[in-house]
Every structure is written in structure tokens, then in C-alpha cells.
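Here is a short report on a two-chain protein model. Look at the sequence and the structure first, then read on.

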Amino acid sequence: MMSAAWRSAAHLGLLSCEGCGLLSRAAEGAGETHCPRCDAKLHLRKPNSIQRTWAFVIAAAICYIPANLLPVMTTITPFSKSEDTIMEGVVLLWSPSSWPLSVVVFIASVTIPLAKLLALSYLLTTVQRGSIKSTRERTRLYRIVEFVGRWSMLDVFVDTFVVALVQLQPLMSVEPGPGVVFFAAVVVLTMIAADSFDPRLIWDQDEVNHGQPS
Amino acid sequence: MANLPDTNGFPDIPEAARSSPKRGRLRLSVVWIIPIVAAVIGGWIAVQKYLSQGPTITISFGTAEGLESGTTKIKSNGVDIGTVSTVRLSEDRRSVIVTAKMAPESQGMLVEDTQFYVVRARISGGTVSGLSTLLSGSYIGIDVGKSKQKRRAFIGLAVPPVVTGNVPGRFFLLKADNLGSLDYGTPLFFRRIQVGQVVAYELDQDGRSITVKVFINAPYDQYVTTATRFWQASGIDVSLTANGVSIHTESLVSILIGGIAFETPATSSVPTPAEPNAVFTLFDNWGNAMKLPQGEPHTYVLVFRQSVRGLVPGAPVEISGIHIGEVVSVGMDFDLKTYGVSIPVTVKVYRHLVSEKLTKGGPDALPTDSKAMIDKLVELGFRAQLRTGNYLTGALFIAFDLFPNAPKATIDWSQEPVELPTVPGELQGIEQSLTNIVQKLDKLPLEAIANDLRKSLVALHQTLTDASKLVKRVDADLAPEAKAALAEARRTLEAAERTFSSTNKVILGPNAPVQQELRDALQGVSEAARAIKDLMDYLERNPGALLGGKRSTPPPTPQVSPAKNGGK
């Protein structure tokens, strides 16, 4: 399928409506363009995609710190009260019998959010620098980030279930810690960031360099 | 969009609608609010976390038993004020250094004299404490000090303090010979109410006594006065007195685990409350505690020249059976000149009691000045004597008494301690008398007496032999004659008997003439008596007849009235 002249819709002055899918030609003049059929706003590219994505990535990165430092769960027994952060939970689970669980928690809660943040930052930086290298791989990376996003809520789910189920007062009770809020924020913000990112930007430069029609 | 590429290539595609621009585009998107908000919240939490971070302290303990890093709490009055973060061995490997993160509100508690101790389940002083630690694990307790000076490195106590600083009350020190059954937390009783505890004890520097530190809770500490006596209330104190067996105990708890009791003896003077940390003597039992008067004792030396077997330190010193002091030590001196052994006995006497007892009343009041008084007493025969207190054990005691016949003695007041004169003890006195008797016996001319006696015995033997001969002669010569004489005598007696029997017949036989005559005579007398009676009757009725003679009236009826008859 390698062709000498890749043309993007933007290049051809065509806009696709995100609402009803109608393809329309860009209109002349200033102002915002609207879909002639459903009146949704039309953009050639997601507006301010890079800036928005950066904002969400930074916000998520900020939240990632307290999410890992603050306790996500408080276990109260009549004689003790222990607060555990995500990493403490991982360490706690790290035993000959339950190490797989520990690995799952570690990957789902620590590695994936971090990997997502790094991946998005990488995509943003490369796009801003107008890189044309490994565009295809970068697109795949983006798809993975977008797919994985929702599964990062695993920890929040576990926490919610445990808190709801383990209410054996006065013997034992579990309360959510402040960390879980930040953890959820990380997950949500990275999802929004991934959504804000316009993968077409990866290819735009490629087209500038390669696909200039002769 | 000025540089739009060729858009007319797709004529069949509708053109997008266009609306007028509202305003100029902001260069910065509103979306940046989100990271700012996140940063603000994160920063706020970080600041709060930092602010809530209390000081970090280190405590060194002998053992880390029950202490776990990250789990063990530091509690004050049951409230968590910190958590142990690390537990590690000290560099010299002799102790354990516990690092703990404290809550910020504990700032004021970490002062110079604050003490830390590990609370484990323990049984002491009849109480079980720290039971909750069996399930929850040990925790570190804190006894907050009063100092203002801050401190971050502490040395933990091996044993939890029985009384923590915030309990009102006072500490007192008790000097005891031995610890007995006391321990940390041993209860203190006042009128059998538990009012305090033993908080510490230690051997004194010189190793001769033990100082027991006790704490008496607030409302009760006012009953500790300068005259208060403390005694070991452990076990049962059985004493046999003239009144019978008396048993003195404190509560059942103290019988089992020991205890200390105190009481202020009733005195005339109003006792002043004791100062905190005042030192008292801890007596062995109630009797001892109440026996000795309080006050400074005076030390005297009594020199005895006899065996003091049975006299031990602590033996009582008495005047007329009243305890006034006790023996402190028994020594020994050897006099090279006379080769005699003398035993100096040091005693302590509560002299003010002596003077009080001796100066009260009396016909010739003694001088109140103690030296002059003792001089006067000694002049009167005041001496110390060893006496047997218990004939079973041979225990001796020292009695002061007046011995008017004692040899004269004076007191040398320049000596220290002063020596008081003594007289030999009772047994020694008896011994002396026996010796005198033996000496006298020795002086008797026993040999001469024995010779005399032997001579006498020989003479006696001769006499007896002569007597024997005499008897034999009497046997041979006198017996036949005596027999003849006896036969003669019997014959005489028989004749006499015969004579008597014939006489009997004459006098006492039924028809004996003597009897007949006697009967007639008696009859005559009887008749005379009747005539006199008649006369008397007549005279009773007619007393005038004595003067006028008998009238010619019919004679009275001879029969007597029935009344008279009945009277007879």
C-alpha cells in the first residue's frame, strides 16, 4: 500500500463531522465551521490537541505522586490501625503464595499509569518536534495507550469492593484512604489526555515531507 | 485557513457552514486549569503531610521483644502519639535503638525527663496489666516529664513505672534491712485500704540496706507524718502474749503477695506532715514498728565479764520490762594484764523516753539534766544486767535496774560512747554463790572430821558388841525366872477373876439383896415425890393456904385436867 502520494482529508480541505460523519469541504473565511447537516463544530484536527494533552498529562503526573505516597486503604481492627499505600500493598502481597497477585497489582497500579504518562509525553514531544521517524509504531503505541486506559481502574475497583464488603465492625473495617482519590484522578486524567491527543498529528509531518503532491 | 489547499477538487462535497468568530482565540487553553488544580491539591496535601510530621526520636531499649518497625505504636494514656519506624541494633550490639515518628502534638512531651517503656502483658504487684497487648502486641508507653528542655534521644526503662507522673500523690523512701517479699507494684496499705505502691527499690551504696521508694496516692499522702511508722505487712504475724495468741495481718492480698502498711502511733504531740521523699525506717512487723520510739537514740557501751551466749544484736534493752532500746553490737576485748575477757556490748537507748519515764513523779525527783540524772541514778545503783529472756532458746536481753547493793561506780563522760556500769547477771550471781559455798566447803577440815568419824565408828562398834553380850546374858539368866513369875501371875489373875464373878452374883443377880433394898428405897422416894406434887398443885390453886392453912373444902379432884395430861 505504500504510495507516493498520501493525501489526508485536511490536505484536501475536507472535514469530517465527528457527530454524524458527514464529509464537507472547508469553508472560506474566518470563524468556526459547522457541519451543514448536524451543526456540530468541525475541525480539521482536534483543537489545541497538543496543549490540552500536555495539560492533562501534567495534571495526571502531579496526581500520580500523592496516589503512590498516600494510603489507599485503612484497615482498622480493635487493636491496631494500619494504613497501606499501593506499594506497601504490593510488598505485603509479595510472598511465595501470592506473588502473582502482587505482580498484577504492581503492573496495573504502578507500571501502567506511569507507562501511559511516559508514552503520551513521548508522543507529544515527537509530534511537537515534527519527527517523522517510526510513525507507524507511534500510532500503535497510541492505540495501546487508549485501549489500556480503562483497565487501570482495577485498583480503584478493588479498593471500592473491599471497603464495601469488609465492614465487620467492631472486629474489622476497611476505609478508603486519600490515595485512592488521586489514583482515580490519574486514571481519568490519562484517559482524557489520550482522548485529547489527535493521532493524525503524528502523520501530518510525514505528509509534509513525503506526500506533497507533485 | 488562508492557505487551504485546493478545495474545489470535490465539487460534490457540501461546504461546511461558517459562523462568525466570537472573539479572538486565547493562546492558552482553559484546560491548563486542570493541572493547576491538581498541583494545588497535591501541594496542599504535601504541605499538610509535612506539617503533620512530628519529630523523630530515638529510644534505646535492652531488648526489642515485641517491637516491630512500622507497627508498634507509642501511646500516651492510650492515644497513639507515634509509630516505631525502625528497630536496629546499637553499634556496640548491647542495646536496641528504636526510631519513632512522633505526632506533631507530642512536641511538648519530648522533654528531658520524659521516660519511655515497653508495655507488655505482665503480672506484678497482684495486678495484671497490659492484657490488651496480648492480642495487639506490645506498645511503647510514655511518662511525660516536667522539664522544659527538649530532648530527642531517650533511654527506655526496662520496667514500666508503676506510677506515672500525672497521678497526684507523693513519694517516700523507706530504709529496710532486706527486701522481703516486696516487688514493683507491691501495695501499700493504710488502715487496710490500698493507698499506694512500691515504685522502685535499690540496694544502698554500702550494700547494707535497701531503699524502697513508695508512692502514696493523693488523698492518703497527708496521713504520712514525721511520726509515721512503716512495716512489712507480708504474711501473718503470730505472736504469743500473756493475753493469748494474737494474729496480726493486713488484707488477704498482702498475705499472698506481700505489702507495706503504715500507721501513725497516737502521741501527745501533733505530728507534722512528712515532706515528699522523706526517709522512714521499714520495720519487719507491726510490733517492731510500734515498739521503738521515734527519735535519735543514744549509744552506750556496757562491758560484761561473763558469757553473753544468747545475746544478739537487736536484743531488747529494757527497764522494768519496758522496751527502751536494743543491742547494736557485741564485741570482745582481751585484757593482757589480767588475761580476762571482757565483752563490750553497744546498745542504743532512746534516752528521752527513759528520762520521761523516770522523772515523772516520784518522791525525790531526779534532775532533768540527762548527765546529772544518770550520775544520780548510777549512784543509787542503776546498773545493766544480762537476763534470760527465753529459757528455751537461751536468748538474753539487757535490763537496767536499781541494785542498791552494787559496788560503787562512776561514769566517765569523756568516753565516747559512754560506758555504763553493769552487774553480773542472775545466773552469774547464782554461780558466784555456789562458788562461795564450794570455797567454804574447801576450807572445812574434812580429813580431821573423817578421822574423828572413824574413831567414833570404832567406839560405836564396841558399844554395840557389848550391848549384844548383855542381851545374850539377859536371855540366859533372866528368862526362866521370868517364866515362873509369869505363871504365878496368871494364877493370881485367875483367883481374882473368880472373886469378881461371885461379887457379881451378890450385887447384880435378880434376887440379890442389894437390889431388893435399892428397889424399896426408890419406891419410897417416888411416893415422897408424889406427895410434894400434890402439895404444889394445891398451893397453885389456893396460894392463901400458905398463910391461912388448909381450909375444909372438899379436896380437889384427884384427876388432872386433860390439858395438863396432854402436856405431859
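In chain B, 63% of the contacts between residues at least 6 apart in sequence join residues at least 24 apart. A contact means heavy atoms within 4.5 Å. In chain A, residues 24 or more positions apart account for 66% of the contacts with a separation of 6 or more.

The model is predicted: local features need pLDDT of at least 70, side-chain atom pairs count only at pLDDT 80 or more, and totals for chains, interfaces and linings use all residues. Residues are numbered from 1 along each chain as its sequence is written, chains are lettered from A and ligands numbered from 1 in the order in which they are written, and side-chain values use heavy atoms, with hydrogens and water left out.

**The two chains**

Helices (H or I, at least four residues) and strands (E, at least two) are DSSP runs, numbered from the N terminus. Buried means under 20% relative accessible area, with a 1.4 Å probe and protein chains only.

**A helix pair in chain A**

Helix α3 (residues 99–129) of chain A packs against helix α6 (residues 178–196) of chain A. Their axes are 10 Å apart, at an angle of about 30°. Axes are lines fitted to C-alpha atoms over the stretch in contact, and angles run from 0 to 180 degrees between N-to-C directions. Which residues of α3(A) meet α6(A)? Among them are A:Pro113, A:Leu117 and A:Leu120. Their partners in α6(A) include A:Phe183 and A:Met191.

**Strands in chain B**

In chain B, 7 strands close into a barrel in the order β11-β14-β13-β12-β18-β15-β19, with mixed pairing. Two strands pair if DSSP finds at least two bridges between them. The twist averages 35° from one strand to the next. Strand β15 (residues 229–232) of chain B runs parallel to strand β19 (residues 279–283) of chain B, joined by 2 bridges. B:Phe230 has B:Leu282 in β19(B) as its bridge partner.

Strand β6 (residues 115–119) of chain B is mostly covered, with 4 of its 5 residues buried. β6(B) pairs with strand β9 (residues 139–143) of chain B in the antiparallel sense, over 5 bridges. B:Val118 is bridged to B:Ile140 in β9(B).

Conventions:
Buried < 20%, exposed > 50% of the residue type's maximum accessible area, 1.4 Å probe, protein only.
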